[in-house]
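Q: Could you walk me through some features of a protein model, starting with a sheet and ending with charged side chains?

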Amino acid sequence: MKALKQIFCMSVISVLGQVHCTVVTPQCSSGGYEISILGWMLQGHIYKTMEANFPLDCLFACREDDRCQSFNWVISRHLCEFNNRTKEARSEDFVSDPDRFYFRRYKNRVPLGSIPELPAETCKEIKASEEQAVSGKYWLYTIKENIPVLAHCDMETFDIDECSATSPACDVNANCTNTRGSYLCTCKTGFSGDGKTCKVSDCLNYQNLTNGNRKVSHGSSPLLCDNSLPHGWYRFQGNAGTKMPTSCVAPNKCSTHATGWLNGAHPSVEEGKVTKKVCFNWESNCCRWSIDIEVINCGDFFLYHFRGTPPEHPCHLRYCGTD
């Protein structure tokens, strides 16, 4: 069997040229050369395959792909299996297989975690793969699930600083505290949630306006008025639309005479609670009457704090909805 392996090894050498081949042990050092190991493979990290006549074709293809860290050659099938890891990075996945040999790329190999196309799982994995790796920023895919994110790795403690990552681990309305091996997200004052999703506290309690007669496309019947609408936070949903219109609405719509619209753009999430003017259109005057309300952008929807209608002319006025 050993003689057969030696014969196969010599054939590999003749095909791959100046490549070192070993049949002794998978744990031997490469000494800075590309190395093939007969009877072993790296499993679980194959990202593509390619049929080929010779292992040399695999080598050339590997050198043209930044993701390629190593490959397995399937002897019986003449198949290249390209890996995005080396056995050094994932030694637990380096297993015996008599129908394969493993080949680690050395020449111009892209270091693990150095590009977004080749993100690492942990800082420890980078250190195992790249023995000379120093503390700094690397691409990882574990901060945001399967999304490459650039973050600082401490190569002494193997800690990731999620709080300084290019895509923060916490919500924009949360404070992030880096801890060894993890991090903490705490919603800022005035916000509630788990730290990874924070909403303005007022976004948690509201009533729904769902009747389709509030829609800007609805006529004036039945004639209704919001002077008796209880004070509080409201969300437009369903047939009523999703928000208030931000341009003048024709009168005799929304089941009322004077139609209410938001005079100005809706706020962003970061602006929090803001005061806006609602205008009511009547007698060719888009802002015949007005009243100040509070508006919040809750991320997926808007909330409006209504306090009835303008006291100088309470009816018939109504807050309109649109999509």
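Predicted model: local features only at pLDDT ≥ 70, side-chain atom pairs only at ≥ 80, totals over all residues.

Q: Let's begin with strand order. In what order do the seven strands of the open sheet lie?
A: Strand order is read across the sheet. Here the seven strands of an open sheet run β14-β15-β19-β18-β17-β16-β20, and their pairing is mixed.

Q: Which strands are the edge strands?
A: Look for strands that pair on one side only; in this sheet they are β14 (207-209) and β20 (317-319). On average, and with direction ignored, neighbouring strands of the sheet are turned by 40 degrees against each other.

Q: In what sense do β14 and β15 pair, parallel or antiparallel?
A: They pair in the parallel sense: three bridges link β14 with strand β15, which covers residues 232-236.

Q: Now I'd like to look at β6. How many bridges join β2 to β6?
A: Seven bridges join strand β2 (residues 35-42) to strand β6 (residues 94-104), and the two run antiparallel. A handy landmark is W40, opposite S96 in β6. Strand β4 (residues 70-74) is also joined to β6, by five bridges, and this pair too is antiparallel. There, V74 has R100 in β6 as its bridge partner.

Q: On to charges. How many salt bridges does the count come to?
A: The count comes to 17 salt bridges, taking a Lys or Arg side-chain nitrogen within 4 Å of an Asp or Glu carboxyl oxygen as the rule. One of them joins the side chains of R85 and E125, at 2.7 Å from N to O. This pair links distant parts of the chain, 40 residues apart: R85 sits in the loop between β5 (79-83) and β6, and E125 in helix α3 (residues 123-129).

Q: Why does R85 count as buried?
A: The cut-off for buried is under 20% relative accessible area. R85 counts as buried because its relative accessibility is 5%. E125 is also at 5% relative accessibility, so E125 counts as buried.

Q: Which side chain does E121 meet in a salt bridge?
A: E121 meets R90, at 2.5 Å from N to O. Here too distant parts of the chain are linked, 31 residues apart: E121 is in the loop between β6 and α3, while R90 is in the loop between β5 and β6. The two partners fall into separate classes: E121 is partly exposed at 31% relative accessible area, whereas R90 is buried at 12%.

Q: Where are the two partners of the salt bridge between D226 and R318?
A: Their side chains meet at 3.8 Å, N to O. D226 lies in the loop between β14 and β15, and R318 in strand β20, 92 residues apart, so that distant parts of the chain are linked. Both D226 and R318 are buried.

Q: Let's finish with the surroundings of D226. Which residues is it in contact with, leaving aside neighbours within four places in sequence?
A: D226 is in contact with R214, G308, T309, L317, R318 and Y319. A polar contact of 2.9 Å joins the side chains of D226 and R214. With a relative accessible area of 3%, D226 is buried.

Notes. Residues numbered from 1 in each chain as written. Heavy atoms only, no water. Pairing = 2+ DSSP bridges. Helix = DSSP H or I, 4+ residues; strand = E, 2+ residues; numbered from the N terminus. Axes fitted to C-alpha atoms, helices over the stretch in contact; angles between N-to-C directions. Buried < 20%, exposed > 50% of the residue type's maximum accessible area, 1.4 Å probe, protein only. Polar contact = N/O pair within 3.5 Å; in protein donor to acceptor, adjacent residues only side chain to side chain. Contact = heavy atoms within 4.5 Å.
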